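Work through the exercises below with the sequence and the model side by side, and try each task before reading its solution.

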Amino acid sequence: MGVQKAFRVGSRAGGLLAGVAVFGLVGCSAPKVDDDGLARLERACDEAMERFRADDVAFGAFEDAAHGAAVLPSAGKGGVIYFGGASGTGLIYEGGEPIGTTRLSQASVGLQLGGQAFSQVVFFEDAAALERFTAGEFEFSAGASAVAADYGAASGAVFDNGYATFVMSRGGLMYEVSLAGQAFAFRPLEE
């Protein structure tokens, strides 16, 4: 088994319970892909990025300014009553080229009901942010938030500690008033 890194995203307000739940999910690892799997995942990531660009005219300029990105083309989340979770698989890019796979795991605690599919992109402002992400040192500050892709929303986006996150709903309906934490696993392509 190759080197794997796992890290979490979420506010400190997410509390210990959400953190424990997330790290319970992180038993999963980033997938190892063969050439065919990589080609399929690249196509899915390209399609997701096209949807982001189409939904938000300012997204492309923001993308051009970034050093790299984690692209999760399709993730799903669901919740019943008080507990929920989400997962998805994607690619890590540096300079427009894929360098590894990533897997998202999310756990949430709080009032929630339903299910939803979404795409998510985490941009890296510079090489240092990418290195922290792939080395397992990635954590948003308590005030960090994701930008919902919408016409012009990216124009007001800023990097927070080297990262900027964009999310786009792909369908479904979910009601939630919850605390959530995300964990990512990373695997270099050369493994």
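This is a predicted model: local features need pLDDT of at least 70, side-chain atom pairs count only at pLDDT 80 or more; totals for chains, interfaces and linings use all residues.

**Exercise 1.** How many helices and strands make up the secondary structure of the protein?

*Solution.* Counting the elements, one finds that the secondary structure comes to 4 helices and 5 strands. Reading these from the N terminus on, the order of the elements is β-α-α-α-β-β-α-β-β. As for burial, 43% of the 191 residues of the protein count as buried.

**Exercise 2.** Describe the second largest pocket by its volume, its lining residues and the elements that supply them.

*Solution.* Start from the volume, where the space in the second largest pocket amounts to about 250 Å³. Next, take the lining, which consists of 14 residues, with Met-49, Glu-63, Ala-69, Tyr-93 and Gly-96 lying nearest the centre of the pocket. Then assign the lining to elements: those that give two or more residues are α2 (35-55) and β2 (68-94), and the largest share, 5 residues, comes from β2.

**Exercise 3.** Decide whether Ile-81 is buried or exposed, and identify the surface patch to which Ile-81 belongs.

*Solution.* First locate Ile-81, which is found in strand β2. The relative accessible area of Ile-81 is 59%, and since the cut-off for exposed is over 50%, Ile-81 is therefore exposed.

Key:
Residues are numbered from 1 along each chain as its sequence is written. Side-chain values use heavy atoms; hydrogens and water are left out. On a 1 Å grid over the protein atoms alone, a cavity is a set of points where a 1.4 Å probe fits but cannot get out, and a pocket is an open set with protein on both sides within 12 Å along at least five of seven lines; lining residues have an atom within 4 Å of a point. Grid points are joined across faces, edges and corners, and a volume is the space filled by probe spheres set on the points. Buried means under 20% relative accessible area, exposed over 50%, partly exposed in between (1.4 Å probe, protein chains only).
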